[in-house]
Amino acid sequence: MGNFNQAVKRISAIDWSCIGNKQARSHVHLSKEYLRRSSIFLQYYPGACRYPFIIISNSITQTQANVDGLKILQKIDNSYVRDIAKSYLELNALIDEGNQIAIDNKDLFEPAIKLYERGGHFFIRSGYLNVAGATDLLSLANRVEREPLDISDETLDALDNGDID
């Protein structure tokens, strides 16, 4: 349960009361990369999900871990944010259980979790993704063909400091 325990620690370290109180360029960057990754994933494992809010238990399979019983998830007020956090935990539990689909998609939620760690979040309104004051049409089209974005801390910090565009 190494991956799962690390994921629980990571989720537990986030100050969920401050999510969305800060706007930064890195938030837009991370959201775009999460949309790209979730678009690719949903092409192969659609499940019963509302794009881009992937529900791992619907798309892959249920884990043996009791993710629903974790108190940390109760601290997350926003249901969409909670769904992503829960799916991140489920994915890591499935990795520990040896599920090959989960292993192959281990970095699926990394942009979203980094977004939360940096105090950001996104929301959906009228078919548009809203993040840090920017909007993007919520569509699967063209996202799978986009190049991956660098989401290293160095790049994200440089974006926030205005050192790069």
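Mentor: We will go through salt bridges in this predicted model.

Trainee: What is the general idea?

Mentor: Side chains of opposite charge can pair when their charged atoms come close.

Trainee: How many salt bridges does a search of the whole structure find?

Mentor: The search finds ten. Take Glu90 and Lys86, whose closest N and O atoms are 4.0 Å apart.

Trainee: Where do Glu90 and Lys86 lie?

Mentor: Both are in helix 5 (residues 79-96), four residues apart, which is about one turn of the helix.

Trainee: Is Glu90 buried or exposed?

Mentor: Glu90 has a relative accessible area of 6%, so it counts as buried, the cut-off being under 20%. Lys86, with 21% relative accessibility, is classed as partly exposed.

Trainee: Which parts of the chain does the pair Arg118 and Asp157 link?

Mentor: The side chains of Arg118 and Asp157 form a salt bridge at 2.9 Å, N to O. This pair links distant parts of the chain, 39 residues apart: Arg118 is in the loop between helix 7 (110-117) and strand 1 (122-125), and Asp157 is in helix 8 (residues 153-161). Arg118 is buried, at 18% relative accessible area, whereas Asp157 is partly exposed, at 37%.

Trainee: Which residues do salt bridges that share partners join into one network?

Mentor: Arg10, Glu110 and Glu117 are joined in that way.

Trainee: What is the N to O distance for Lys106 and Asp107?

Mentor: Their side chains meet in a salt bridge at 3.5 Å. Asp107 is partly exposed, with a relative accessible area of 41%.

Definitions and conventions. Residues are numbered from 1 along each chain as its sequence is written. This is a predicted model: local features need pLDDT of at least 70, side-chain atom pairs count only at pLDDT 80 or more; totals for chains, interfaces and linings use all residues. Side-chain values use heavy atoms; hydrogens and water are left out. Helices (H or I, at least four residues) and strands (E, at least two) are DSSP runs, numbered from the N terminus. Buried means under 20% relative accessible area, exposed over 50%, partly exposed in between (1.4 Å probe, protein chains only).
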